[in-house]
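Please open the structure in your viewer and keep the sequence panel beside it. The tour below moves from one selection to the next and says what is found at each stop.

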Amino acid sequence: MDATVVISTFNQPAWLDKVLHGYRQQRGATFEVIVADDGSDSPTGGVIEAACASSPFPIRHVWHEHRGYRRQTILNEALRAASSGYIIMTDGDCIPRRDFVAMHLRHAQRGAFVSGGYCKLPMALSEAIRADDIEAGRTCSAAWLALGGLRSPSSLLKLACPTAVGALLDRLTPTKPTWNNCNSSGWLDDLVAVNGFNEDMKYGGADRELGERLANHGIRGIQLRHRAIVVHLDHARGYKTKDTIERNRAIRAQVIRSGSTWCENGLVKGPRP
């Protein structure tokens, strides 16, 4: 098995169904999927059960009771459950292009993590996508998505450019490679070395903070924003608050200022052993 794909979700069964179907279209890699579920209701379990029945890869459902936003906690549980030494992290609202897993694995390097790209879709287009669109690759076709209402020039460029052009654009972009939970990958032992996700953090930058600890640990980012692509289905963000965003920014600032490589409320509880 080449990789473990960790898909985070919470009460978005229709979106998760589309995403899992996207992984059934992957080519050129072997992998397992772990759905890291922050306490969804039963419809999500039904989607996963149905997907397991027709899936060419193993799917496991890692779930805990919903007690507010605890995404970092369930992601750490998923890391503990991983069978592979290489982790691809994404979300249950992100449909992968059919070369997504293979592209991450092609660029996996020791001493590095991979930062991919995403294309946000409007709600009407998100809802319109069907299984046959995913099977035919239309969900990652710039022309098809533009006809359906996608207007973002940067997203259309990511989807339309050939791999060689994408490689050039990734070298030229001023955007730094960052750890983003919707589309990043790295070695499990590196994630363990920085103690995984900081469970003190709520929504808003907790993934970036993990990447900043990885950078402090000497793990550099590889930019694949124009080559490893997912399309991001639209949804509300009722869990986003000003207070949690500001608190997370303060934690991140301290990590950058101090050069810290460890969080005390992660995979292991307390100071570095």
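A residue is called buried when its relative accessible area is under 20%, exposed when that area is over 50%, and partly exposed in between. Please keep in mind throughout that this is a predicted model.

Begin by selecting Leu105, which lies in helix α4, residues 100-106. Its relative accessible area is 22%, so Leu105 is partly exposed. Now display what surrounds this side chain: leaving aside neighbours within four places in sequence, Leu105 is in contact with Asp2, Ala3, Ala29 and Tyr86.

Turn next to the aromatic rings. A pair of aromatic rings is described by the distance of the centres and the angle of the planes. How many aromatic pairs are there? The count comes to six aromatic pairs. Select Tyr69 and Tyr203 as one of them, an edge-to-face pair with 6.3 Å from centre to centre and 90° between the planes. Tyr69 lies in the loop between β3 (59-63) and α3 (71-81), whereas Tyr203 lies in the loop between α10 and α11, so this pair ties together parts that are 134 residues apart in sequence. Tyr69 has a relative accessibility of 17% and therefore counts as buried, since the cut-off for that class is under 20%. For a further selection, show Tyr23, Phe31, Phe57 and Phe100 together, which ring pairs link into a cluster.

Select Arg110 with Trp187, and you will see the charged end of Arg110 sitting over the ring of Trp187, 4.1 Å from its centre. Then select Lys158 with Tyr118, where the charged end of Lys158 sits over the ring of Tyr118, at 5.6 Å from the ring centre.

The last stops concern the backbone. Select Asn11, in the loop between β1 (3-9) and α1 (13-24), where phi is near 50°, a positive value in a residue other than glycine. Finally, move to Asn195, in the loop between α10 (188-193) and α11 (206-216), whose phi is near 75° and is likewise positive in a residue other than glycine. Which of the classes, buried or exposed, describes Asn195? Asn195 is buried, with a relative accessible area of 0%, whereas Asn11, at 32% relative accessibility, counts as partly exposed.

Methods: Residues are numbered from 1 along each chain as its sequence is written. This is a predicted model: local features need pLDDT of at least 70, side-chain atom pairs count only at pLDDT 80 or more; totals for chains, interfaces and linings use all residues. Side-chain values use heavy atoms; hydrogens and water are left out. Helices (H or I, at least four residues) and strands (E, at least two) are DSSP runs, numbered from the N terminus. Buried means under 20% relative accessible area, exposed over 50%, partly exposed in between (1.4 Å probe, protein chains only). Contact means heavy atoms within 4.5 Å. Rings of Phe, Tyr and Trp (its six-membered ring) pair if their centres lie within 6.5 Å; planes under 30 degrees apart count as stacked, over 60 as edge-to-face and the rest as tilted. A charge sits over a ring if NZ of Lys or CZ of Arg is within 6 Å of the ring centre and within 35 degrees of the ring normal.
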